[in-house]
Structure formats: structure tokens, C-alpha cells
Amino acid sequence: WLGLEFLDSVVVRCVRILQNPRTSQQCPSFALEYSDDGVTWSQRHEYGASGLTIGEEAQLEADMDEKLSVEEVFVEERYASLWKVACMERLEVPWRIREFDFFDDEACSNSLRGGALDVFQSSGSS
């Protein structure tokens, strides 16, 4: 997983991610998770859960899977100071992300990256 820590609580409505071009190092499905303490994490959205494989570059919107007629994964607005994107599948090789950002609008135009205190990541599986 890979995430951002913010000074204040924020809401994430869109995620933009750029994975390694090698498909073996791409994760086909993600979960957007949040936490207030870094210990207990809750899932906010799933992306790719409908069988749609997320490729090298993706703009992940809250209702992406809903538009593909899967069960509703939207939950009420949630503000938190810690947000991460976690791969939902076990990979044979390390997951490689070249670039990522969180946004507070559904159009992925208002980046939250400037307000981040820290970038954090897992050295193992999600």
C-alpha cells in the first residue's frame, strides 16, 4: 500500500495512479482506505472489484465500479488524516507505482498532495 498523511482531516473523492508499465508489477484492483490513528483502517471504496482490471494509468472515481453495474460501494462522506491505496490481490513481484495523488473533487482536479505531511508505504504485501 501507499498513502498520505495530512495535518488536518480531508475527504478523498478521486485517486489518480500511474503504475509500472509492466503488467506483472501492476495491481488489477485497489481499495481506498482511511484511518484516524494509523492502526485501524476502514475501506472507503473498491476499484476494479467488478472484474475491470486497472492498468498502467487510472483515474479512480468513487462510483467507477457502480457505473459497471456492481453492487454499490459508496459510503457517506468520510474525513480522515490518513489515506492509502492498497492492492487487493497478492502479486508475484513487488507492486510498482510511478506516481499517485489524492483529490478532494470527483474530477481529479484539486490535488491534496500539497497539504500532505508525509508519504508512507508498505515494504511487503498489502
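## Terms and model

Two strands are said to pair if DSSP finds at least two bridges between them. Strands (E, at least two residues) and helices (H or I, at least four) are DSSP runs, numbered from the N terminus. In this sense Ser-35 stands opposite Leu-82 in S6.

The structure is a predicted model, in which local features need pLDDT of at least 70 and side-chain atom pairs count only at pLDDT 80 or more, while totals for chains, interfaces and linings use all residues. Residues are numbered from 1 along each chain as its sequence is written, and side-chain values use heavy atoms, with hydrogens and water left out.

## Confidence

The pLDDT is the predictor's confidence in each residue, from 0 to 100. The protein has an average of 81, and 75% of the residues score at least 70. Confidence is highest in strand S1 (residues 2-10), with a mean of 95, and lowest in strand S5 (residues 57-61), with a mean of 61. Over residues 64-75 the pLDDT is below 50; this stretch has 26 contacts in the model beyond near neighbours in sequence, a contact being heavy atoms within 4.5 Å. Where pLDDT is low, the predicted coordinates should not be read in detail.

## Overall fold

The protein contains 0 helices and 8 strands, and its elements run β-β-β-β-β-β-β-β from the N terminus on. Of its 126 residues, 42% count as buried; buried means under 20% relative accessible area, exposed over 50%, and partly exposed in between (1.4 Å probe, protein chains only). Among contacts with a separation of 6 or more, 73% are between residues 24 or more positions apart.

## Strand pairing

Strand S1 runs antiparallel to strand S6 (residues 80-87), joined by 5 bridges. In this pairing Gly-3 has Lys-84 as its bridge partner, and Leu-4 stands opposite Trp-83. S1 is also joined to S8 by 5 bridges, again antiparallel, with Asp-118 in S8 as the bridge partner of Glu-5.

S6 pairs with S3 as well, in the antiparallel sense over 6 bridges. In S6, 8 of the 8 residues are buried, so this strand is largely enclosed by the rest of the structure. In a regular strand the side chains alternate between the two faces of the sheet.

## Nonpolar core

A nonpolar core is a set of buried Ala, Val, Leu, Ile, Met, Phe, Trp, Tyr and Cys residues joined through side-chain atoms within 4.5 Å. The largest one has 20 residues, and Leu-32, Trp-83, Val-85 and Phe-102 have the most contacts inside it. At least two residues of this core come from each of S1, strand S2 (14-19), S3, S6 and S7.

Val-85 shows the reach of these contacts: leaving aside neighbours within four places in sequence, it touches Trp-1, Leu-2, Val-15, Ile-17, Phe-30, Ala-31, Leu-32, Trp-95 and Phe-102.

## Aromatic pairs and charges over rings

Rings of Phe, Tyr and Trp (its six-membered ring) pair if their centres lie within 6.5 Å; planes under 30 degrees apart count as stacked, over 60 as edge-to-face and the rest as tilted. The count by this rule is 5 aromatic pairs. One of them is the tilted pair of Phe-30 and Trp-95, at 5.4 Å centre to centre and 35° between the planes. Phe-30 lies in strand S3 (residues 30-35) and Trp-95 in the loop between S6 and S7, so the pair ties together parts that are 65 residues apart in sequence. Both Phe-30 and Trp-95 are buried.

Trp-41 and Phe-120 form a pair that is tilted, because their ring centres are 6.1 Å apart and their planes stand at 45°. Trp-41 is in the loop between S3 and strand S4 (42-47) and Phe-120 is in strand S8, so this pair ties together parts 79 residues apart in sequence. Trp-41 is partly exposed, at 23% relative accessibility, whereas Phe-120 is buried, at 16%. Ring pairs link Trp-1, Trp-41 and Phe-120 into a cluster. Lys-84 lies over the face of Trp-1, at 4.4 Å from the ring centre, and over the face of Trp-41, at 4.3 Å. A charge sits over a ring if NZ of Lys or CZ of Arg is within 6 Å of the ring centre and within 35 degrees of the ring normal.

## Buried loop residues

Cys-108 is in the loop between strand S7 (97-103) and strand S8 (116-121). Its phi is near 55°, a positive value in a residue other than glycine. Cys-108 counts as buried, at 4% relative accessibility.

Gln-25 lies in the loop between S2 and S3 and counts as buried, at 11% relative accessibility. Not counting residues up to four places away in sequence, Gln-25 touches Gln-19, Asn-20, Val-93, Pro-94, Trp-95 and Arg-96.
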